[in-house]
2 protein chains.
Amino acid sequence: MINFQTSPDQYKHWKLKIDGPVAQLSMDVQEDQTLAEGYKLKLNSYDLGVDIELADAIQRLRFEHPEVRAVVVTSLKPRIFCAGANIYMLGTSSHAFKVNFCKFTNETRCAIEDDSRHSGRRYIAALNGTASGGGYELAIACDEIYLVDDGNSAVSLPEVPLLGVLPGTGGLTRLVDKRKVRRDRADVFSTLAEGLKGKRAKDWGLIDDSFPTSKFQEAIDARVGQVVNLHPDENTQIGIKLNPLAFESTDDTRDYKYVSVKLHREKRYADLTVRGPESDLPTTPDEILEMGDAYWPLRAFRELDDALLHLRVNEPEIGLACLRTEGDIDDVLAVDKTLAANRDHWLMREMLLSMARVLRRLDLTAKSFFAIIEPDSCFAGSLLELALSSDRVYMLSDPNQRNSVATSELNAGALPMSNGLTRLQSRFLAEPDKVDEVLAQENPFDTEAAEEAGLVTFAPDDLDWEDEIRLAIEERTSLSPDALTGMEASLRFAGPETMDTKIYGRLTAWQNWIFQRPNAVGPQGALTNYGKPTQAQFDYKRT
Amino acid sequence: MINFQTSPDQYKHWKLKIDGPVAQLSMDVQEDQTLAEGYKLKLNSYDLGVDIELADAIQRLRFEHPEVRAVVVTSLKPRIFCAGANIYMLGTSSHAFKVNFCKFTNETRCAIEDDSRHSGRRYIAALNGTASGGGYELAIACDEIYLVDDGNSAVSLPEVPLLGVLPGTGGLTRLVDKRKVRRDRADVFSTLAEGLKGKRAKDWGLIDDSFPTSKFQEAIDARVGQVVNLHPDENTQIGIKLNPLAFESTDDTRDYKYVSVKLHREKRYADLTVRGPESDLPTTPDEILEMGDAYWPLRAFRELDDALLHLRVNEPEIGLACLRTEGDIDDVLAVDKTLAANRDHWLMREMLLSMARVLRRLDLTAKSFFAIIEPDSCFAGSLLELALSSDRVYMLSDPNQRNSVATSELNAGALPMSNGLTRLQSRFLAEPDKVDEVLAQENPFDTEAAEEAGLVTFAPDDLDWEDEIRLAIEERTSLSPDALTGMEASLRFAGPETMDTKIYGRLTAWQNWIFQRPNAVGPQGALTNYGKPTQAQFDYKRT
């Protein structure tokens, strides 16, 4: 059972040091503190446990340290920044684990860029030693990359030449799409095991600059000084603490305060229920600051995030989650109104951005989602996004019971998908006018109106409801889980693609393909044979 | 050895009937006329041989029948339009063959859309019976879809529920991106083995209309009449004939008039040489019409297309092609000038569009390409695109020999990549101004200038040249062919994505992944067990 919750006082592999507007996030991987047996995390290589700490640190910076303007990402080990994902860990992991591991590390790197883009925090990769593979991919997720010029340290993506796999944590995509390295140079770099350093690395756009060892710290400090002095008066806010998320669990349940998971293992599906907020929650930023991480939107979506990660990694046989909500629509809409009205306040902004990231995690989860809308549910505004994220929406039609859904201002752009569209825009690609029509509706939609508006897939009446839901679940969970993963990855992301979707679509899909190829993972494969006296042997047929 | 050349008089599976401005392209698959042993092409199911004829028919329409304004795609078999790719063929094919088969069928469907978009020919799918799987994917590549309402005929994508694989010929992408079917409805449709018909198929946007059997032909005729009467006076041109491409071949050579392939089998690479045009080619449309398919741009690029397909399918162990040219830069530029000056003439337009398709086929070929630029080469204008398509460009630097490359007007937009950018735009994403700078240069670039301009990856001098090329080839062909395929698919397509690139990137990569999964192709897999008394058994772990 992998636990995704941690906090700085529990970190084994990272040190987070805050000094006014500057954070130093330093990698110092303890090679024996691994998540599984059979490998050592030498040379600041990482496994999922290391990345869980990194993800936590980035999340905490946003809520606990709003005063931080610059984050220096560096290493406490001499001459090595980071050697990337541990190869022996990859070599001994199941295919499914490798895929989930890469997805999580990708989400962590996208979270760095989300912070930079939306919260203006500047990430500076201070490479005091070699950054290879995932090490360079971590650097390239930062805004700026500086490399020590010690005659030895280099940046490299040695996956293709050494391991027969891709730099699968966004490296190839970010090379050409973010840093816009010329494609032929990207080709040379990505096949050069030893990588590049100094002038050529800078000329080709792989790093922003390099400095001799004796001047390195000084140069980084100077750059950090420039960044934090750009807006010296801003950001004197004091953060809020992110406390651990308590939950109770049994073999087939996991209950947080606002989120419950109920597993139906034999039927391979789960009910995932989100409870709406209490009535009369505070409406001013000061009161909300006071309330801190207990405030519903932050707490509920953090819990949802943890539940999704748990389902992904610890419950692989669960193929379908039925998304349900419980609560009062008006209470959700009241919270949405407060968030929308105060979105310029740093804490409301961070909450909205955090909710958006959780919803994107949902979009990217390789499980089917059905929204099940029944009386006493509260699929409104931010929680309506759960239905809009779902592969299908079932809504009970019963004239004797009130059952409704509602939109809020938050459905209009605050919670975008990875492709840059809102979920309503994605839904109504064929009829873009419907987006505004649906948003303009002041009253909740009853079942008939929701179906008419295109928000609902099926609206069985009370006589058919139970049978229809049961059959839909049975049918879904009987299908090939692999075909469903590929199908959902295609149907969920209609419309434009962005660097993020290219990483999760094009790059990840190819990497997953390669992660199954005998040339990588077979007995003669390059990944299998790395570090052994035996050499990889390839079937050279091009596919 | 698979032969990609054919012509209507040789067709086994299609009938192409031209009646003034209307072409009828009718599928009538002969079940015993298969490309390989072990399966029968029942119910208008297809193998690569069937699709080679379809691709040929579409290409011929463009050159031989410019007068055609509407193409009715239908079936000569009662109650069945097309059952899609033959499942037993897929079940008995190697992974590499499946991947190449799907790529070719995708290119054929994109060629239909290219014709519609750029040449204004309207494709009307007249589904006189059920269109399932690849059958519906063929329909959805057309502009309009009409389904007979006979109480039985349906459209369907049964791959996920029946076979545990994806509709991999663009179906999922076109559902949500082209026809913009709502994602939840697309989800339902793609998991419903029996598909949909009549009103619901129309309401959901899967078809444009349906008509009862007795009225079907009349309705199609009426629609075709509308299409051809839109511009009754246009397009009275007479086409040119596409003659067979003669070539001589030995075990390790294949020589067309303008294209030569030389295989270095033990070293797993090929030299692929394109010879430039003769001097003093005609410059007026009338003269070029007279010259027909012997005119260099058409002939040379048709030959290149055939050579690429041959390398893809018949020479899987060749991992790298060294692209070379021979001829006079001025002669290439003269042809480019003629094409650009007359691009409003239908034949010049078709030639340019055909060249663009061939170059996109090159971009999408799963082999590495190095351009090798030596004296007496002619990488200019349209042939410079070969260098710009390459993963790397090597150019000899020798002060004693003239060696140059040049741009033409055709590098400015006539030959776009699948992502909608020119290859110069893709190359200079970081410095967009360079595109115009390079295009503005009137004289050819010598090696130094080409390197300075960013057109060249490496420019070794004459002392190092041979060693450097030899080492680069050896190094490239030693790498994992699978990792290279994934790497090249990522680095070649920086920048925006389009429906085409989503099909070749996201959808195809996932399909290739699934095509390796035991749940599809293992002994208990759904594809393996289709039609057998045994049932598929899945490992239900979600990945």
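1. A residue is termed buried when its relative accessible area is under 20%. The structure discussed here is a predicted model. By that criterion helix α6 of chain A, spanning residues 171–178, is mostly covered, with 7 of its 8 residues buried.

2. The buried positions of α6(A) are G171(A), L172(A), T173(A), R174(A), L175(A), V176(A) and D177(A). Their cover draws on both chains: it includes α3 (95–119), α4 (134–140), α7 (183–190) and α20 (499–514) of chain A, and α19 (481–491) of chain B. Just after the helix, K180(A) adopts a positive phi of about 55°.

3. S156(A) belongs to strand β10 of chain A, residues 155–156. Its relative accessible area is 4%, and it is therefore buried, the cut-off being under 20%. Leaving aside residues up to four places away in sequence, S156(A) touches A131(A), S132(A), G133(A), Y136(A), F189(A), A193(A), E194(A) and G195(A).

4. The second largest pocket holds about 680 Å³ of space. Its lining comprises 35 residues, and those nearest the centre are A55(A), Q59(A), D305(A), L309(A) and R361(A). By class, the lining of this pocket divides into 14 nonpolar, 9 polar and 12 charged residues.

5. Several helices of chain A contribute to that lining: α1 (48–64), α3, α11 (296–314), α13 (346–363) and α20 each supply at least two residues. The greatest contribution comes from α1(A), with 7 residues.

Key. Residues are numbered from 1 along each chain as its sequence is written. Chains are lettered from A and ligands numbered from 1 in the order in which they are written. This is a predicted model: local features need pLDDT of at least 70, side-chain atom pairs count only at pLDDT 80 or more; totals for chains, interfaces and linings use all residues. Side-chain values use heavy atoms; hydrogens and water are left out. Buried means under 20% relative accessible area, exposed over 50%, partly exposed in between (1.4 Å probe, protein chains only). Helices (H or I, at least four residues) and strands (E, at least two) are DSSP runs, numbered from the N terminus. Contact means heavy atoms within 4.5 Å. On a 1 Å grid over the protein atoms alone, a cavity is a set of points where a 1.4 Å probe fits but cannot get out, and a pocket is an open set with protein on both sides within 12 Å along at least five of seven lines; lining residues have an atom within 4 Å of a point. Grid points are joined across faces, edges and corners, and a volume is the space filled by probe spheres set on the points. Ala, Val, Leu, Ile, Met, Phe, Trp, Tyr, Cys and Pro count as nonpolar, Asp, Glu, Lys and Arg as charged, and the others, Gly among them, as polar.
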